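Me: Could you walk me through how to read a few features of a protein model?

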Amino acid sequence: MKPTPLLALLLFAATHCLLVNAGCFGQNPPGMPQLRSAIFKDCIDKIKELAELDKTHAPIAFSRKRGVGYRLPQRWFRKTCWINLDMHNDHDEDYASFMEIAVEAGTLSAACVAPPPHLGGTTFVGPQKVMNITILGVPYRPPPPRTVS
């Protein structure tokens with residue numbers, strides 16, 4: 001299988017770069033709510049879809065405020081993987097391309113989902129570092145079987 005350009009970039013980032021602003025999640029102690037594991041492939045499949053949203057390869061504005069570019073928070077799911085993109089607070093605004101977001105999410109996934117315990121983590125993206133990406137595991141619920149009438 002020939003790696004896609006995004007996958008090659010993610011592999012390079014995961015093996016050659018330090019994700020210094022990432023925090024991988026650890027499991028809670030017994031008796032407390034437990035985090036779910038995410039499957040790396042599920043996260044990478046969704047991250048590839050995020051990269052495809054980048055039509056212009058140019059930074060766009062992200063904010064929680066109305067009328068400012070792309071409105072956050074935004075959540076994406078793929079089987080066992082939940083990806084959340086949000087701002088630090090209601091007044092923040094930052095710029096990034098979807099490719100930059102996909103690369104950061106892929107690097108986070110390689111650092112915090114690929115190795116055990118596969119629980120995900122969080123990191124910042126954008127020049128002001130006020131936009132955060134969080135990846136978590138969620139229970140997978142397959143779609144119900146189709147009924148033929």
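This is a predicted model: local features need pLDDT of at least 70, side-chain atom pairs count only at pLDDT 80 or more; totals for chains, interfaces and linings use all residues.

Me: Thanks! How many bridges join S5 to strand S8, and in which direction do they run?

Reply: S5 and strand S8 (residues 131–137) run antiparallel, and 7 bridges join them. S5 also has a partner in strand S4 (residues 74–78): that pair is antiparallel too, with 5 bridges. Within it, Trp-76 has Ile-83 of S5 as its bridge partner.

Me: What should I look at in the hairpin of S4 and S5?

Reply: Look at the turn. The hairpin has 2 residues between the strands, and Lys-79 there takes a positive phi near 50 degrees.

Me: How do I read the two faces of a strand, and which residues of S5 lie on each side?

Reply: The general idea is that side chains in a regular strand alternate between the two faces of the sheet. In S5, one side carries Cys-81, Ile-83, Leu-85 and Met-87, while Trp-82, Asn-84 and Asp-86 are on the other. Both faces are covered, and all of these residues are buried.

Me: Now the cysteines. How many disulfides does the structure hold, and what is the pairing in sequence order?

Reply: There are 2 disulfides. If you number the bonded cysteines in sequence order, the pairing reads 1-4, 2-3. Cys-43 and Cys-81 form one of them, with sulfur atoms 2.1 Å apart. The torsion about its S-S bond is 105 degrees, a right-handed link. Cys-43 lies in helix H2 (residues 40–52) and Cys-81 in strand S5 (residues 81–87), so the pair ties together parts that are 38 residues apart in sequence.

Me: Are Cys-43 and Cys-81 buried or exposed?

Reply: The cut-off to remember is that buried means under 20% relative accessible area. Cys-43 has 0% relative accessibility, so Cys-43 counts as buried. Cys-81 also has a relative accessible area of 0%, and is therefore buried.

Me: And what about the link of Cys-24 and Cys-112: is it left-handed or right-handed?

Reply: That link is left-handed, with -75 degrees about the S-S bond. It connects distant parts of the chain: Cys-24 sits in strand S1 (residues 23–24) and Cys-112 in helix H3 (residues 98–112), 88 residues apart. The sulfur atoms of Cys-24 and Cys-112 are 1.9 Å apart. Cys-24 is partly exposed at a relative accessible area of 46%, whereas Cys-112 is buried at 4%.

Me: Last topic: how should I describe aromatic rings, and how many aromatic pairs are counted?

Reply: In general, you describe a pair of rings by the distance of the centres and the angle of the planes. Here the count comes to 4 aromatic pairs. For Phe-62 and Tyr-70 the centres are 5.4 Å apart and the planes are at 55 degrees, so the pair is tilted. Phe-62 is buried, with a relative accessible area of 0%, while Tyr-70 is partly exposed at 25%. Phe-77 and Trp-82 form another tilted pair, at 6.4 Å centre to centre with 45 degrees between the planes. Trp-82 has 15% relative accessibility, so Trp-82 counts as buried.

Me: Which residues do ring pairs link into a cluster?

Reply: The cluster is made of Phe-62, Tyr-70 and Phe-98.

Methods: Residues are numbered from 1 along each chain as its sequence is written. Side-chain values use heavy atoms; hydrogens and water are left out. A disulfide is a pair of cysteine sulfur atoms within 2.5 Å. Helices (H or I, at least four residues) and strands (E, at least two) are DSSP runs, numbered from the N terminus. Buried means under 20% relative accessible area, exposed over 50%, partly exposed in between (1.4 Å probe, protein chains only). Rings of Phe, Tyr and Trp (its six-membered ring) pair if their centres lie within 6.5 Å; planes under 30 degrees apart count as stacked, over 60 as edge-to-face and the rest as tilted. Two strands pair if DSSP finds at least two bridges between them.
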